Amino acid sequence: GEHDSFAYKMTYKDNPLMDKRFIKEIEGEDKDTMTEASWNRMYLAIRSESAAFFRKIDGCIAGDLLDAPIDTRRYVAGLDLGRSLDPSELLIGDKEARKVVAWFEWSNVAWTQQREEIGAIYEEWGLDELIFDATSMGGQMALDDFNQMGLPVRPVAAIGGTSEYNWDTGSAGRQWMLERLAAAVERNSVTWPAT
């Protein structure tokens, strides 16, 4: 009849047109950068009943914050620009070890002072990259300021934006970032101190 419908459940292995190159990508890079639940949903047509987005968090809590950078290490930072009721926060991570090593917070501090202190932190820690949400309130102003200061910034679109990484602009959408963070947490390949 007119209301007949059909549903199919197939895995990537069931696709007769699947190229070996795509299978290698699916079983390699995709599996390494996606959470198990996301990978199973996308490639095996298995929907997880678990509502938890981040799993195995306890295994990521390790180490202590540093008082100063270690000369032989390379660092990146993530900045969350605060609004009137919440603070701005800057986390510094050891790039190779994939662990948070320093944390700075500004509450009720004028942007001009925050900008100066972020510049001083950049100089002290020798940051390879400063990642922050340029779509947030004040994000474009901060981006302009950081560019004028010569800081190695990478803007992201944490609100809205796409679910993909844009290799031309170096920007990423919120979903893309969360998926990779969730996968790293699930594999315990990132760490942060308990405090």
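How many residues does helix 3 have, and how far does helix 3 reach from its first C-alpha to its last? The legends below take up this question and then turn to other parts of the structure, which is a predicted model.

View 1. Helix 3, made of residues 111-125, has 15 residues and reaches 21 Å from its first C-alpha to its last, which is close to the 21 Å expected at 1.5 Å a residue. Among the residues of this helix, Trp111, Gln114, Ile118, Gly119, Ile121, Tyr122 and Trp125 are buried. Seen down the helix axis, these buried residues fall within an arc of 160 degrees, so they line one face of helix 3. On the other side of the helix, Glu116 and Glu123 are exposed. The cover over the buried residues includes strand 1 (75-80), strand 2 (88-94), strand 3 (99-106), strand 4 (129-133) and helix 4 (139-149). Just after helix 3 comes Gly126, which takes a positive phi of about 60 degrees.

**View 2. Strand 4 and its partners.** Strand 4 runs parallel to strand 1, and four bridges join the two; in one of these pairings, Val76 has Glu129 of strand 4 as its bridge partner. Strand 4 is also joined by four bridges to strand 5 (residues 153-156), and these two strands run parallel as well, with Phe132 standing opposite Pro155 of strand 5. Together, strand 4, helix 4 and strand 5 make a right-handed β-α-β unit.

View 3. Asp145 forms a salt bridge with Arg115, and the closest N and O atoms of the pair are 3.1 Å apart. Because Asp145 lies in helix 4 and Arg115 in helix 3, the pair ties together parts that are 30 residues apart in sequence. Asp145 counts as buried at 13% relative accessibility, whereas Arg115 counts as partly exposed at 22%.

View 4. The structure holds seven salt bridges, and one of them, at 3.7 Å from N to O, brings together the side chains of Glu96 and Arg74. Glu96 lies in the loop between strand 2 and strand 3 and Arg74 in the loop between helix 2 and strand 1, so this pair ties together parts that are 22 residues apart in sequence. In another salt bridge, the side chains of Lys95 and Asp128 meet at 3.5 Å, N to O.

View 5. Lys56 has its place in the loop between helix 2 (36-44) and strand 1, and is partly exposed, with a relative accessible area of 48%. Although Lys56 and Asn188 are 132 residues apart along the chain, their C-alpha atoms are separated by 7.3 Å.

How values were computed: Residues numbered from 1 in each chain as written. Predicted model: local features only at pLDDT ≥ 70, side-chain atom pairs only at ≥ 80, totals over all residues. Heavy atoms only, no water. Expected span 1.5 Å × (residues − 1). Buried < 20%, exposed > 50% of the residue type's maximum accessible area, 1.4 Å probe, protein only. Arc of directions from axis to C-beta. Contact = heavy atoms within 4.5 Å. Pairing = 2+ DSSP bridges. Right-handed = clockwise from strand over helix to strand, strands pointing away. Salt bridge = Lys/Arg side-chain N within 4 Å of Asp/Glu carboxyl O.
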